[in-house]
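I opened my notebook beside the viewer today and jotted down what I looked up. Here are the entries, in the order I made them.

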Amino acid sequence: MTVSEITLPKFKVDSARPGASAEEHSSRAPLIDLKNLSFYYGRSQALKDISFFIREKVVTAFIGPSGCGKSTLLRCLNRMNDLIDGVRVEGEMRIHGHDINSPEVDVIELRKRVGMVFQRSNPFPKSIHENIAYALRLQGVKDRSEIDGIVENSLRGAALWDEVKDRLHTSALGLSGGQQQRLCIARAIAIKPEIILMDEPASALDPLATAKIEELVLDLKRDYTIVIVTHNMQQAARISDYTAFFYLGELIEYDTTTKIFTNPAKKQTEDYVTGRFG
Amino acid sequence: MNEKQTDAARSWESLRKGHQSRPLEWLVERGIFLVSLSAIVMIFLIFAFVGREAWPVVAGKMNSSSVQTVIPVAEMDKQSPAELRAYLGLTKAKFDSMDLETRKLMMEIKVEADKEKPVDKDAPVNTTAWHYLFRPHAWTGYEKPSYIWQPISLIHKYNLVPLIIGSLKATLVALLFSVPLALAAAIYVSQLAPAWAKEWLKPAIELLAGIPSVVLGFFALIVMATVLQNVFGYESRLNAFVAGIALGLAIIPVVFSIAEDALTSVPRSYTQAALALGSSRWQAAWKIVLPAAIPGVFAAVVLGFGRAIGETMIVLMASGNASIVSGSFFDSTRTMTATIAAELAETVTGGHHYRILFLIGALLFIVTFAANFAGDMVMHRLKRKLEGKA
């Protein structure tokens with residue numbers, strides 16, 4: 001891939017940015033509703049009494065310094081934290097009104113509806129086609145032509161199709177880092193989740209690959225609710241509609257991105273977004 | 001200022017001599033290198049020794065025929081010393097150390113022995129020839145051509161086929177029994193087990209490797225043979241099946257240990273990705289982690305094969321040791337290793353029986369070496385495929 005092939009997205013951080021004002025999204029219904037959520041790793045408390053809601057079909061960014069609990073909260077949303085020994089969750093976490101922390105919830109079904117993209121791209125050591133087909137077979141899709149169709153659509157959806165259409169059956173590990181990450185996004189959207197969680201999806205990528213991912217996120221929010229954790233303040237400003245700022249396990253402020261970045265209510269938020277600490 | 005710079009520049013000279021100032025490290029490094037080199041040299045020496053002892057058979061220089069041309073003592077002078085030495089089957093040093101009388105005596109013994117040669121149509125046969133080692137032959141008393149290993153009968157029958165089949169049968173049973181079990185245990189311990197179970201299971205299974213094989217053989221001989229016979233109701237109590245199961249117990253820890261390492265070293269990110277897509281833990285382990293660990297799992301199986309085919313004590317005790325060619329796993333069987341262990345001590349050093357046993361040893365060596373080599377090639381190919389390089 002050469003530089004000339006890439007068109008850098010042009011985003012401005014200002015209140016005139018489309019889709020940034022709170023009013024425009026007021027019609028968006030709350031999708032994920034958190035009430036008094038606390039999370040413990042053994043004895044240490046990673047999240048303290050978090051309450052807020054995430055609206056559907058917008059991009060919500062979690063920002064905050066390292067160790068503030070933003071990734072922990074993200075992983076609560078698809079219960080990936082269940083895999084860690086000795087953790088405990090308190091409080092309520094509802095999606096469409098259903099408490100997903102309840103022990104009766106089938107986490108496997110939950111994760112099919114709440115997809116996830118990780119910090120480091122993690123395609124399976126299989127072919128590009130097989131990476132997506134595996135996810136589909138988990139869903140019970142068996143028909144070959146149907147699989148082929150969804151594979152193509154997902155790759156198009158992740159803006160990867162043109163780059164890989166001639167080598168669908170070669171190993172995914174032969175792709176570049178940015179391509180691998182977009183493959184992971186394609187894999188996540190192939191099974192049509194409602195929500196996509198992204199844990200610093202571009203932090204290991206170069207600026208051009210990052211731009212592509214950001215462009216993709218803006219594209220995806222038409223169909224999906226996206227929650228993204230990021231260390232990159234500009235990134236949060238560029239792509240998110242709402243931003244939640246966390247500090248030491250507490251939710252300090254949550255508002256539209258425009259508000260957080262131009263006129264935050266709390267001093268701590270202002271200090272962080274202007275780079276005075278963190 | 002200028003002086004200071006020269007000082008700094010001078011200090012750089014020590015860079016060149018840096019490595020000389022650590023002679024101890026250099027010495028230790030060389031020492032370790034020599035030790036590892038000695039391992040290779042040892043393997044080579046052992047193979048050279050085994051090969052040397054077996055060589056006369058391979059080269060067709062052995063003759064086990066009971067009927068040989070006899071030279072009358074009176075014609076002793078007509079022979080050149082070299083011919084005489086070959087006739088008496090002596091080494092040069094031994095031949096040179098003998099005086100004329102002793103040589104004469106030895107020739108008389110040959111003449112005497114010839115008078116007592118067996119009356120058998122097979123008596124003139126050189127049973128160490130390739131044909132008799134690997135092809136069936138209708139020996140006296142047998143209606144049709146058969147594969148017979150009877151090294152101490154009147155006619156020494158050295159057919160290796162029954163032993164090779166015996167070894168392969170016991171090894172096959174051992175692998176069929178142990179690989180699924182060891183692999184299942186490895187998947188469970190590395191992917192599914194809670195931390196406390198893992199802490200107990202891994203050392204417990206690996207402790208199996210510490211059981212002396214003679215104890216396993218004893219257990220197979222006394223307990224397992226009876227129990228299995230009662231369950232399956234076959235005729236001969238000791239057979240390839242019993243020996244194979246006991247052998248399987250011995251190689252489970254080997255296969256488990258390596259397969260578990262291979263599965264554990266698969267990046268956690270694969271499992272996480274699979275789970276985040278809505279796989280169950282079992283699906284993630286079976287469809288994602290196991291395929292990613294296939295090169296290591298394959299290596300585990302190859303190593304298990306090598307251990308199983310080379311194991312001696314268990315098969316010696318539990319297989320029944322009947323050298324018969326049979327397709328049934330419930331027939332008594334005799335392996336290559338057990339044959340060497342049981343017979344080598346009673347052979348004449350340098351005799352044909354002795355050399356044939358070394359030939360068996362060399363065969364075992366070659367088989368395990370070839371298996372490891374082929375295994376390594378396949379492993380590398382699989383690895384490259386997984387890494388997307390091929």
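**Domains of chain B**

I began with a distance: the C-alpha centres of domain 1 and domain 3 of chain B lie 36 Å apart. This is a predicted model, where local features need pLDDT of at least 70, side-chain atom pairs count only at pLDDT 80 or more, and totals for chains, interfaces and linings use all residues. For my bookkeeping, residues are numbered from 1 along each chain as its sequence is written, while chains are lettered from A and ligands numbered from 1 in the order in which they are written.

I noted the bounds next: chain B is divided into domain 1 (3-58), domain 2 (73-138) and domain 3 (161-386). Such bounds come from an automatic or database domain assignment.

I then looked at where domain 1 and domain 3 of chain B meet. Eight residues of domain 1 are in contact with seven residues of domain 3, contact meaning that C-beta atoms, placed from the backbone, lie within 7 Å. On the domain 1 side I found six nonpolar residues, one polar and one charged. In this scheme Ala, Val, Leu, Ile, Met, Phe, Trp, Tyr, Cys and Pro count as nonpolar, Asp, Glu, Lys and Arg as charged, and the others, Gly among them, as polar.

**The nonpolar core**

Which residues have the most contacts inside the largest nonpolar core? They are Ala246(B), Val255(B), Ala259(B) and Ala318(B), in a core of 166 residues. A nonpolar core here is a set of buried Ala, Val, Leu, Ile, Met, Phe, Trp, Tyr and Cys residues joined through C-beta atoms within 7 Å. A residue is buried if 20 or more other C-beta atoms lie within 10 Å of its own, exposed if 12 or fewer, and partly exposed in between, with C-beta atoms placed from the backbone.

Helix H11 (residues 240-264) of chain B gives the most to this core, with 18 residues. Helices (H or I, at least four residues) and strands (E, at least two) are DSSP runs, numbered from the N terminus. Because domain 1 (3-58) and domain 3 (161-386) of chain B both give residues to this core, it lies between them.

I clicked on Ala318(B) and listed its neighbours. Leaving out residues up to four places away in sequence, Ala318(B) touches Gly217(B), Ala220(B), Leu221(B), Ala225(B), Leu238(B), Val242(B), Ala243(B) and Ala246(B).

**Where the chains meet**

I counted 24 residues of chain A in contact with 18 residues of chain B. On the chain A side, helix H3 (107-113), strand S6 (114-117) and helix H4 (128-138) each give two or more residues. The largest share, four residues, comes from H3(A). By class, this side of chain A has twelve nonpolar, six polar and six charged residues.

I recorded eleven helices and ten strands in chain A. Of its 278 residues, 47% count as buried.

An open sheet of six strands runs in the order S6-S7-S8-S3-S9-S10 (chain A), with mixed pairing; two strands pair if DSSP finds at least two bridges between them. S6 and S10 of chain A are the edge strands, each pairing on one side only.

At the S6 end, S6(A) and strand S7 (residues 195-199) of chain A are parallel over four bridges. Gly115(A) has Ile196(A) in S7(A) as its bridge partner.

Is strand S9 of chain A buried or exposed? Six of the six residues of S9(A) (residues 242-247) are buried, so the strand is largely enclosed by the rest of the structure. Tyr242(A), Ala244(A) and Phe246(A) cover one side, and Thr243(A), Phe245(A) and Tyr247(A) the other, all of them buried.

Four bridges join S9(A) to strand S3 (residues 59-63) of chain A in parallel, and Thr60(A) stands opposite Tyr242(A). With strand S10 (residues 250-256) of chain A, S9(A) pairs in the antiparallel sense over six bridges. Glu253(A) in S10(A) is the bridge partner of Phe245(A). S9(A) and S10(A) form a hairpin with two residues between them, and Leu248(A) in the turn has a positive phi of about 50 degrees.

**The other sheet**

My last entry is an open sheet of four strands, S2-S1-S4-S5 (chain A), with antiparallel pairing. Its edge strands are S2 (44-55) and S5 (98-99) of chain A. Strand S1 (residues 30-41) and strand S4 (residues 87-95) of chain A pair over eight bridges, and Lys35(A) has Glu92(A) in S4(A) as its bridge partner.

Note on methods. Contact = placed C-beta atoms within 7 Å.
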